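Let's walk through this model together, starting with its strands and then stepping back to whole chains. Keep the viewer open as you read.

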Amino acid sequence: MPVALCVTGIFLFSLAGTVFAHSGHNKKPEQPPQVLAPGYQSLNFTAPKAGSYTLPQLGPASDGNILDMQGKSVRLHQFFGDKYLVLSFIYTQCDDVNGCPLATYVSSQVQNRLAAEPLLRDKIRFISMSFDPANDTPAVMRDYAKNFVKKGFDWQFLTSTSESELDPLLAAYGQSILRDVDENGDTTGTISHILRVFLIDTDKQIRNIYNTSFLHPDTVVNDIKTLAMSAASKTTSGLSTPSPEPRLHGAGDYKQGYANKSYVTQAQSLQSRSGHEADLLQVISQTPLGLPAVPVPAENPLSKEKVRLGRQLFYDRRLSHNNTFSCAMCHIPEQGFTSNELATAVGVEGRTVRRNAPTIYNAVYAKRLFHDARETSLEQQIWGPLLAHNEMANPSVGQVISKINQIPDYRQQFEKVFKGQQADIKNVGDALASYQRVLVSANSDFDQWLFGKKNDAMNKDAIAGYRLFVGKAACVSCHLIEENHALFTDHKLHNTGVGYANSMSKVPVVQRVLVAPATWINVDTAAIADSAEVKPGDLGYYEISGLPEDRWKYRTPGLRNIQLTAPYMHDGSISTLEEVVEFYNTGGINNELLDPLLRPLHLSAKEKQQIVAFLSSLTGSNVDSLISDAFAAPVGNTR
Amino acid sequence: MKNILQRLTSTLCASVFGLLAASASFADETCMSPYMAKIVGQEDFIYVWTLGVEGVGDEQDKLVTVDVNPNSKNYGKVINSLSVGGRNEAHHSGLTDDRRYLWAGGLDTSKIFIFNVHSDPAKPRLYKTIDNFVDKSGGVVGPHTTYALPGRMMISGLSNDKDHGGRTALVEYTNGGQYITTHWMPTDENLGGAMKSGQFADGYGYDVRALPRRNVMVTSSFTGWNNYMMDLGKMMGDGEAMKRFGNTVVIWDLHTRKPKKVLDVPGAPLEIRCAWGSQNNYCFTTTALTSKIWLIYEDKMGEWQAKAVADIADASKIPLPVDISISADDNTLWVDTWNDGMARAFDVSDPFSPKEVYTKKIGAQINMISQSWDGSRAYFTSSLLANWDKKKSDSGDVQYFKAYDWDGKELKLKFAIDFVAEKLGLPHQMRFGAYSLYAQKRPQDSDVKVAASP
């Protein structure tokens, strides 16, 4: 037989420590010693101080028909609303010392603790609700109550007319019980159940649920006090100290110096990631210093509403086939509208993307899009990632369109922005392109210095770096700076050897892998070979042109905000600007198609550092404003 | 009247389990909430939360029921398979405190499937699907552990909807599936009152366990969606991705749900298993990348500390310790190393000095282990994550459910089910089921219908 005790509440109070099976109204065989629940003993820790925590609402405490102590049929809620309630479900014949008797014992102890606090005492009602209506009549409950209720306390011992009336109430409280039967299927009178005691506030909300392991008078008393204190503070001012404006740009999960022993986290809280909508159309009337006018196609004029619609689509996770992925999951606003956390992107269901997510900043000026320059306009470009099986994985244009049109909010917006039209293949592109079109960023320290003629806008190292950029290092050969503006790109494609090395290098037998801060291990490549997919090839512009001489050529990216867009190169293979500069200093990676513009630069360490200083001065003045605006966008999670 | 005894004791056990001496001969998986209803005697079923995979059967995630009662004529067979629609990266599952419902999370879509396992334990039904977890929680992605607390479930997230990185939260739901609140993992910017005891407060999450007697909740830290969803080979070669693993274990105040102390445990600490003995105030975890057993323990001053106490296999071979399971007497810790398919028994009678005492290759890869409370039966499944699992192997023994007997010296295979050959998918978390929990008698075998082979 299982552990079984027949004890009355009064008897119980004298128990301490280990108890043994006790023979009561049923003769029971010897039982092994049983350890009493924590509620019978000193709490093994200091109960958290009342008011130092909150007790969230766990849902409404349900109502039902019950019999009060006088046998009158009333609603349970008659006892709710004016006081804090400690509600337990019990039955008087319960013989599990750590079951119903524990609930009753703890309630009794709570009485003791609060006896000297009349104000609080008057705010509490204990309810012991029987789930054994056949035996626990109102008279039985009244009799049972006499053992427990202390003077001045409100403790109701309630029952019900029948199991059929009781069961919905038990179900509503998630109080499952099993009425035990013997081998003949006859009821034994015992009821197996999980002990549940509920703390309920005056709004009839459940605020805590205790079971045998948790139920203790110390914590129950402090929980009651916590509720009382929280109610009192509702009437006082809810002023909170304003927190300082957090830095917006940069990954919130800071990993710089991860390879060093001195690495410390500087992780930002996601709760503080919020923002305000900005006037993004301002860039049309007032192009940031250092940029040419924003090109806007005549057939897709900008409007505030269209940009807002495009923004909503850009951040909407429903735009992927399985609702997990928005454009912004790879083009993350605070991470330079790219991803600082991945060398090469990952798409729906974790599918492999071969290349690094390019930044969206100033994408409007690109004459050709994607690393391999395969697309010519933002309006068309959007369908690439939307339909790629390894990106957002939508099965068809039609499926995307119909999904958007089934969302009432979008239907209304499209009709408004596009003069009565529903979403279609063109206007979805127009809207998304319009948002990306206004993500322009300049007026950097460099722009102020060169175009704004502010001599102190850049520091000496950055100025020296600029001179090297346009001089000895000749970076400007591809990353152009014009007389009145700078896009830092020639819009052409070049072979730097990065792609070549990717395709032609042999897989190393041992890979050096950083597995924790400052902790490298030499991983046996063969050990993970069975888990690794076959790495997809990447031949660059050759995949578009079909011409052998175009192998491993990739588009020259602009350099604005480059400090925010790590890792670098089309495959994200270089982590820092220092390493990028060193890469070009050595003349790239030799191959028969290496661009002749690449050659060893013979830069000194100081010169390399100066170029990095220059590149670091290219961060636009409006990035935080664009990021804040992005944070304000809805993300389309299922509600 | 064994069933009744089992059931009654099971409910009592819910109350006294954490208090009882280890000599009690209860039988159940040892790794669930210490105050949950328990099975005594022989379990009838194992519910296997199984990932759907393209090209296998109906390609959907599903809950697979395996009959594991040797007295059943269906012993060793799949008797039910319930597909839930879509691939959600089925991963972990957990029973509610009353064991009436099984919660099973999807790490990709962040859906949570709640199965009714009490109406007919042989044939779980889908009771409810939570599909707005991300919205309700304020952006938590990847519901991982579903851990029973009284009347509610504590769910540890792995990621977030902002950057698919590792910063995340614990999310609390009622047993009925109503969202309660979100407890964000402590970060440098918002430690939530916790002490950053070392260099790290990364805000990452993975597992959650509780020690009610010490008012302590413990969480560990893995990685975000980007990494757990991507191809393992690609990730190992991505220097940026490899920086995005958790390096922390957090000690929480269980009652207030407030973080108290952030401990440095570098290398992605995963599963947490706390000791059962009433004086054993410690838990084990293993680090996936650095391949170590860590002890998370309360010292003599009442301070919680973390200490690396043993190496697991050869780290350069990326053994990748995954699931662990502590025996009821706190003397043995099973550690499965995914990459080499080994189950390893460590003698942890001195928790500060675990010793590997037994090793057995279970398959080409291995992930989860569930052992009976008396330790005499152990079940293993193979799958870790859809895109980390082995695409090939010389033995072909990649995706399986296997049942073993353990006599303290050797694991003896009782039966195995090839989940790909059976067109089911990739088997992951196992939970035990039994008629006895719900006052039900096991039907005569002739009454039990075996699911048609898919």
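In chain B, strand β10 (residues 152–156) and strand β12 (residues 169–174) run antiparallel and are joined by five bridges. Strands here are DSSP runs of E with at least two residues, helices are runs of H or I with at least four, and both are numbered from the N terminus. If you want one pair to click on, M153(B) has Y173(B) in β12(B) as its bridge partner. Two strands count as paired if DSSP finds at least two bridges between them.

Both strands belong to an open sheet of four strands, in the order β9-β10-β12-β13 of chain B, with antiparallel pairing. At its edges are β9 (146–149) and β13 (179–184) of chain B, each of which pairs on one side only. From one strand to the next, the twist averages 25 degrees; the axes behind such angles are lines fitted to C-alpha atoms (for helices over the stretch in contact), and angles run from 0 to 180 degrees between N-to-C directions.

Before going on, a word on the ground rules. This is a predicted model, in which local features need pLDDT of at least 70 and side-chain atom pairs count only at pLDDT 80 or more, while totals for chains, interfaces and linings use all residues. Residues are numbered from 1 along each chain as its sequence is written, and chains are lettered from A and ligands numbered from 1 in the order in which they are written.

Chain B also holds an open sheet with the order β23-β24-β25-β26, again four strands with antiparallel pairing.

Now for some backbone details. D330(B), in the loop between β23 and β24 (332–337) of chain B, has a positive phi of about 65 degrees although it is not a glycine. D330(B) is buried, with 21 other C-beta atoms within 10 Å. The cut-offs are 20 or more other C-beta atoms within 10 Å for buried, 12 or fewer for exposed, and partly exposed in between, with C-beta atoms placed from the backbone. A268(B), another non-glycine residue, has a positive phi of about 70 degrees and is found in the loop between β18 (258–264) and β19 (269–274) of chain B. In chain A, a cis peptide bond with omega of about -5 degrees joins A566(A) and P567(A).

Finally, where do the chains meet? The contact takes 92 residues from chain A and 99 residues from chain B, with two residues in contact if their C-beta atoms, placed from the backbone, lie within 7 Å. On chain A, the elements that give two or more residues to this side include β9 (187–193) and β13 (510–516) of chain A. Chain A itself has 21 helices and 15 strands, and 47% of its 639 residues count as buried.
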